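Try each task before you read its solution.

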Amino acid sequence: VEGSMKVTGIGTVAVGRVVSGTLEKGQPLVVAPSGLKTTAASFESFFSNRDTIQPGDEIGICLKNIAIRDIPRGSILCSPSNPIRPVISFRAKVRVFGHRKNGISRGYTGQVLCHSVSSTGQWKNILSKIDKKTGAVVEENPDCLKNGECGVIEIELKKPVAIEVCTEGPALGRVLIRNAGIDAVGVIIHVTEYEPKIAK
């Protein structure tokens, strides 16, 4: 979802791009990462009413029984039978860029951007430094990653987001990390699902 709006006489409309699967009128949907349920009442593509939607289509979709605040930018509409789980941390293979003189170390905090979602994330661990051509591990648990170096890192997010491992969903598995400039780009290789704490 790139954005949402309230349209007089129609209701809540979400705007975005179909990244996988198909969509039909009346199809039930789940909003990730919130888990709220809704239904695709109708949709348009390039101001033309459509009965079905295919991957790559840019669409506006009218959703039943849901408010604008419940479908913010970065949400994913998915099938109830195969919903995208909310993710609170992930591992990624990244390449570091060079405007930081001393490289990037554990504890670095920046904005993590993936598809249309953005969340603050902290580098909790640098698991390895890898060869950028072969992917072979060069060093385990390095202190930092410097300009041009590649590695496997673990990032903890400030809030749960809807993302996937890149091999399972390429459009939802590429990340850019920045703080006053682009610091690193990469692909997600493992995710840790968010488990809400239940009050006793």
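**Exercise 1.** Which element gives the largest share of the lining of the largest pocket?

*Solution.* Before we start, note that this is a predicted model, where local features need pLDDT of at least 70, side-chain atom pairs count only at pLDDT 80 or more, and totals for chains, interfaces and linings use all residues. Residues are numbered from 1 along each chain as its sequence is written, and side-chain values use heavy atoms, with hydrogens and water left out.

Step 1: learn the terms. On a 1 Å grid over the protein atoms alone, a pocket is an open set of points with protein on both sides within 12 Å along at least five of seven lines, a cavity is a set of points where a 1.4 Å probe fits but cannot get out, and lining residues have an atom within 4 Å of a point. Points are joined across faces, edges and corners, and a volume is the space filled by probe spheres set on them. Strands are DSSP runs of E with at least two residues, and helices are runs of H or I with at least four, numbered from the N terminus.

Step 2: find the pocket. The volume of the largest pocket is about 830 Å³. It is lined by 32 residues, and Arg17, Val19, Ser20, Ile76 and Leu77 are the closest to its centre.

Step 3: look at the elements. Two or more lining residues come from each of β2 (11–17), β8 (58–64) and β9 (76–78). With four residues, β2 gives the largest share.

**Exercise 2.** Describe the largest cavity.

*Solution.* Step 1: count and size. There is one cavity of 30 Å³ or more, and the largest cavity holds about 50 Å³ of space.

Step 1: name the lining. Among its residues are Phe90, Val112, Cys114, Leu157 and Ile163. At least two lining residues come from each of β12 (109–114), β13 (117–130) and β16 (150–161), and β13 has the largest share, three residues.

**Exercise 3.** Sort both linings by residue class.

*Solution.* Step 1: set the classes. Ala, Val, Leu, Ile, Met, Phe, Trp, Tyr, Cys and Pro are nonpolar, Asp, Glu, Lys and Arg are charged, and the others, Gly among them, are polar.

Step 1: sort. The lining of the largest cavity has eight nonpolar, two polar and no charged residues. For the largest pocket, the lining has 17 nonpolar, eleven polar and four charged residues.
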